[in-house]
Amino acid sequence: ENSPAPLPERAIYGFALFLGSWFGFILYLIWAYIPETWLFSLGLTYWPQKYWAVALPTYLLVAIGIGYILLFGINMMSTAPLNSTHTITDNYAKKQQQKKYQEEAIPALRDIPISEVNRMFFLPEK
Amino acid sequence: MEERQYRSASGAPIALRRRQHSASCRELAVRCPRLQLRSLSAVTSTVWLAAYGLFALSENSMVLSAAIFITLVGLIIYLHFVKVDQESLLVIGSLGIQVTSSYASGKESTTFIEMSQVKDVVINEAIHMQKVIYYLCILLQDPGDPQGVSEVVPLFQSSKPRLDCLIELYKSCQEILEQGRTDPQVE
């Protein structure tokens with residue numbers, strides 16, 4: 001049902017997008033380069049200022065650059081500090097129920113408290 | 001009393017000193033690396049070169065005296081508030097845990113945590129500044145919930161020992177804490 005294989009519909013979408021993006025690019029080049037007087041003489045008067053032909057790409061690139069730094073900063077801000085209890089437990093672990101222990105069955109999956117984990121890792125004598 | 005050399009998380013050499021005062025009282029002290037002369041002179045020369053560059057641009061001699069003043073004041077603030085010389089942990093079995101930080105200027109800051117508030121001393125791992133580090137921390141008991149942890153107090157934040165040193169610290173603390181747990185039942 002949902003496979004990434006090529007389909008006729010996907011080919012048509014792809015070709016439509018290809019033509020559309022070429023058309024948009026040629027339109028942008030016309031708007032940016034052809035002098036205003038020539039466009040006026042053709043009757044095309046209601047176009048945005050040419051200032052925007054330079055301003056919009058600049059805005060976009062600066063936004064992408066800031067986005068890198070912003071993402072980095074957001075990651076650092078949402079990392080729990082070293083003195084928060086979120087490094088040890090969370091709501092799901094606090095509310096978990098203990099399943100009854102059955103003989104010869106694999107024990108149920110649960111969050112093991114950090115004290116137990118520490119004892120198992122760092123304390124065994126031999 | 002013994003002293004052993006270890007490494008901090010960033011690779012600087014640190015020293016762990018263990019003293020057993022009595023059967024239920026132990027002191028663990030971690031000494032951080034000293035302020036290096038070469039880093040101090042590097043920072044001072046860059047600040048003074050930058051000030052000289054500003055003076056060459058602006059022809060204002062106040063820039064030079066301001067730079068000297070800033071360097072002196074900055075060094076004093078750094079030694080008094082930032083540069084930790086030694087961090088120590090005093091675990092007294094039935095009484096509590098005392099955490100002391102001694103700064104390079106001689107200032108000592110102490111925190112005492114009663115044993116009834118201490119749930120456990122564990123080695124936790126967490127993300128810190130694009131690294132995953134191990135650190136020793138005291139888990140404080142939540143008064144309402146016997147299984148809950150109300151607060152986490154990280155220890156040895158300036159020296160940041162590596163896992164081998166932390167395991168020694170952990171074992172020492174656990175020996176004292178276990179005495180406190182088993183003794184009341186014996187009596």
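**Walking through the model**

Mentor: Let's start at a loop: B:Met129 is found between E7 and E8 of chain B, where helices (H or I, at least four residues) and strands (E, at least two) are DSSP runs numbered from the N terminus. This is a predicted model, in which local features need pLDDT of at least 70 and side-chain atom pairs count only at pLDDT 80 or more, while totals for chains, interfaces and linings use all residues. Residues are numbered from 1 along each chain as its sequence is written, chains are lettered from A and ligands numbered from 1 in the order in which they are written, and side-chain values use heavy atoms, with hydrogens and water left out.

Trainee: OK, what is the phi of B:Met129?
Mentor: B:Met129 has a positive phi of about 55°, although it is not a glycine. Most residues other than glycine have a negative phi.

Trainee: And is B:Met129 buried or exposed?
Mentor: B:Met129 counts as exposed, at 53% relative accessibility. The cut-offs: buried is under 20% relative accessible area, exposed is over 50%, and partly exposed is in between (1.4 Å probe, protein chains only).

Trainee: Which residue of chain A has a positive phi although it is not a glycine?
Mentor: A:Glu104 has one, of about 60°. A:Glu104 sits in the loop between helix H4 (91-94) and helix H5 (114-122) of chain A, and at 84% relative accessibility A:Glu104 counts as exposed.

Trainee: Switching topic. What's in the largest nonpolar core?
Mentor: That core has 28 residues, and B:Leu89, B:Ile97, B:Leu136, B:Ile138 and B:Leu169 touch the most other members. A nonpolar core here is a set of buried Ala, Val, Leu, Ile, Met, Phe, Trp, Tyr and Cys residues joined through side-chain atoms within 4.5 Å. Among the elements of chain B that each supply at least two residues are strand E4 (84-92), strand E5 (96-103) and helix H3 (163-186).

Trainee: Which element gives the most to this core?
Mentor: H3(B) does, with 7 residues.

Trainee: What is B:Ile97 in contact with?
Mentor: Leaving aside neighbours within four places in sequence, the contacts of B:Ile97 include B:Leu89, B:Phe112, B:Val121 and B:Ile138. Contact means heavy atoms within 4.5 Å.

Trainee: How many disulfides are there over all chains?
Mentor: The search finds 0, counting a disulfide as a pair of cysteine sulfur atoms within 2.5 Å.

Trainee: Charges next. How many salt bridges over all chains?
Mentor: The count comes to 8. The rule is a side-chain nitrogen of Lys or Arg within 4 Å of a carboxyl oxygen of Asp or Glu. One of them joins B:Arg26 and B:Glu175, at 2.8 Å from N to O. That pair links distant parts of the chain, with B:Arg26 in strand E3 and B:Glu175 in helix H3 of chain B, 149 residues apart.

Trainee: Is B:Arg26 buried or exposed?
Mentor: B:Arg26 is buried, with a relative accessible area of 11%, whereas B:Glu175 counts as partly exposed at 43%.

Trainee: What does B:Arg4 pair with in a salt bridge?
Mentor: B:Glu168, at 3.8 Å from N to O. B:Arg4 lies in strand E1 and B:Glu168 in helix H3 of chain B, so the pair ties together parts that are 164 residues apart in sequence. B:Arg4 and B:Glu168 also belong to a network of salt bridges with B:Glu2 and B:Arg18.
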